[in-house]
Amino acid sequence: MNGSFRVGKIAGIAFEIHYTWFVVLAVFSWILADGFLPSRYKGWEETTYWSIGTLGAILLFASVVVHELAHSLVAKARGLPVEGITLFLFGGVSSLKADSRGPKDELIISIVGPLASLGLFAVLRVLYEGVTDTTTPFAALLWYLWWINLALAIFNMLPAFPMDGGRVLRSAIWGLTGKVGLATRFATRSGQVVSVLVIAGGTYEALTGFFVSGLWTVLIGWFLFSAATRSRREIDLEFISGGPLVGDLMEPDPPTVSADLPVADVLLGGLVQSGRSGLLVSEHGRVVGMVALSDLRRLPRADWDRIRVREVMTHTQVHSVQADARLPEALALLGEHSIEQMPVMEGDRVVGLVRRSDLIGYLHSQDIGTRDPD
Ligand SMILES: [Zn+2]
């Protein structure tokens, strides 16, 4: 994240702090020291309120780090790349790609965060039950921390993508239907609806006397809404850019025509009847180019016997894509040259043919790009 600095590593995971975090640390310390603690615990020294307030705020973020570490460590254990954890204005965020391999990874990696918070809550709650004098600063700290970890678990499980609950929802729909696009639209729409409710709740909170924490809630809601809206547009494309290779979706070893053949033989031959719109062209046992049948048909009929395929084909050097390219690159190449298919290469050898209709068909099967992404 821009504007953040590296603090170090925790359990092998890079840990960064964004400068906005100091603002929120100060605000939370102040809310605790000047509002919450004095209203609930009377008769402490002013310095006690402030030291316990500051410590409480720091431990709140330590709880957030434990939550994020759960995401990151499980992702790492499952072999997914983890960039690190950043604390910033709205809490913590783990930079990882939980959905790069499918719904199961996303489900497991998303749910362990709230489970870690729930675990912390349980431990702290049990410790608090063992406290004899609940009016001490130590008891106050324990009370605040079990409460905040429970709140973290519940809040993060709201079905609002890109929060954990929204990711759990998305992976469940994705797993059940096999359609990542449908899952994304549902989970991000739910994210937008929940955000609006959070903003409404925060507004009510601010107007009924809790101005600072209400304003905070409104800001979080606004942040969530824009994240859900952005994800709606971008996350499927991200999935596709880490998705199948052109080589997975091509037709391997398609039939070819000889470069020496007259156009007439191609247009009147059996391959045309097979419903193909283009053919690979071979010469001396190597694929050297490709012809689109629509281009051949545009030639004057009188020339069909005279013109050879070699003269009208497009060389593979001109239009082709590598087998290890991803869908966005292949679609961009097809679009750029306004063609419907092109040869697929491994190095300088042609290994298949990829059609726009097959790529679009794959996207439709995942329910991506079939409706307005709004
Ligand atoms: Zn989380």
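Helices (H or I, at least four residues) and strands (E, at least two) are DSSP runs, numbered from the N terminus. The model on your screen is predicted, so local features need pLDDT of at least 70 and side-chain atom pairs count only at pLDDT 80 or more, while totals for chains, interfaces and linings use all residues. Residues are numbered from 1 along each chain as its sequence is written, and side-chain values use heavy atoms, with hydrogens and water left out.

Select P162, which is found in the loop between helix 4 and helix 5 (164-177), and look at the peptide bond that joins F161 to P162, which is cis, with omega near 10°. Most residues other than glycine have a negative phi, and most peptide bonds are trans.

**Second stop: the zinc ion**

Now select the zinc ion, whose protein donors (N, O and S atoms within 2.8 Å of the metal, or 3.2 Å for Na, K and Ca; water is not among the atoms, so sites may look incomplete) are H67 (NE2), H71 (NE2), D164 (OD) and D164 (OD), lying 1.9 to 2.7 Å from the ion. Along the chain these donors follow the spacing H-x3-H-x92-D. Because H67 and H71 are four residues apart in helix 2, about one helical turn separates them. Both H67 and H71 are buried, where buried means under 20% relative accessible area, exposed over 50%, and partly exposed in between (1.4 Å probe, protein chains only).

Why is the arrangement around the zinc ion irregular? The four donor atoms subtend angles of 54 to 149°, which makes it so. Four donors count as tetrahedral if all angles lie between 85 and 135 degrees; four count as square planar and six as octahedral if opposite donors are over 155 degrees apart and all others between 65 and 115; anything else is irregular.

**Third stop: the nonpolar cores**

A nonpolar core is a set of buried Ala, Val, Leu, Ile, Met, Phe, Trp, Tyr and Cys residues joined through side-chain atoms within 4.5 Å. Select L37, F61 and L87, which have the most contacts inside the largest nonpolar core, a set of 37 residues. Among the elements that give two or more residues to this core are helix 2 (46-77), strand 3 (82-88) and helix 4 (137-156), and helix 4 gives the most, with ten residues. If you centre on F61 and leave aside its neighbours within four places in sequence, F61 is in contact (heavy atoms within 4.5 Å) with W21, V24, L25, L87 and G91. A second, separate core of 25 residues includes A183, I240, L334 and V354.

Move to helix 13 (residues 327-337), where L327, A330, L333 and L334 are buried. Seen down the helix axis, the buried residues of helix 13 fall within an arc of 135°, so they line one face; the arc is that of the directions from the helix axis to the C-beta atoms. Just after helix 13, select S338, which takes a positive phi of about 50° although S338 is not a glycine. S338 is exposed, with a relative accessible area of 63%.

**Last stop: an open sheet**

Finally, select the open sheet of four strands, whose order is 6-7-8-9 with mixed pairing; two strands pair if DSSP finds at least two bridges between them. Strand 7 (residues 278-283) and strand 8 pair in the antiparallel sense over six bridges, and they form a hairpin with two residues between them.
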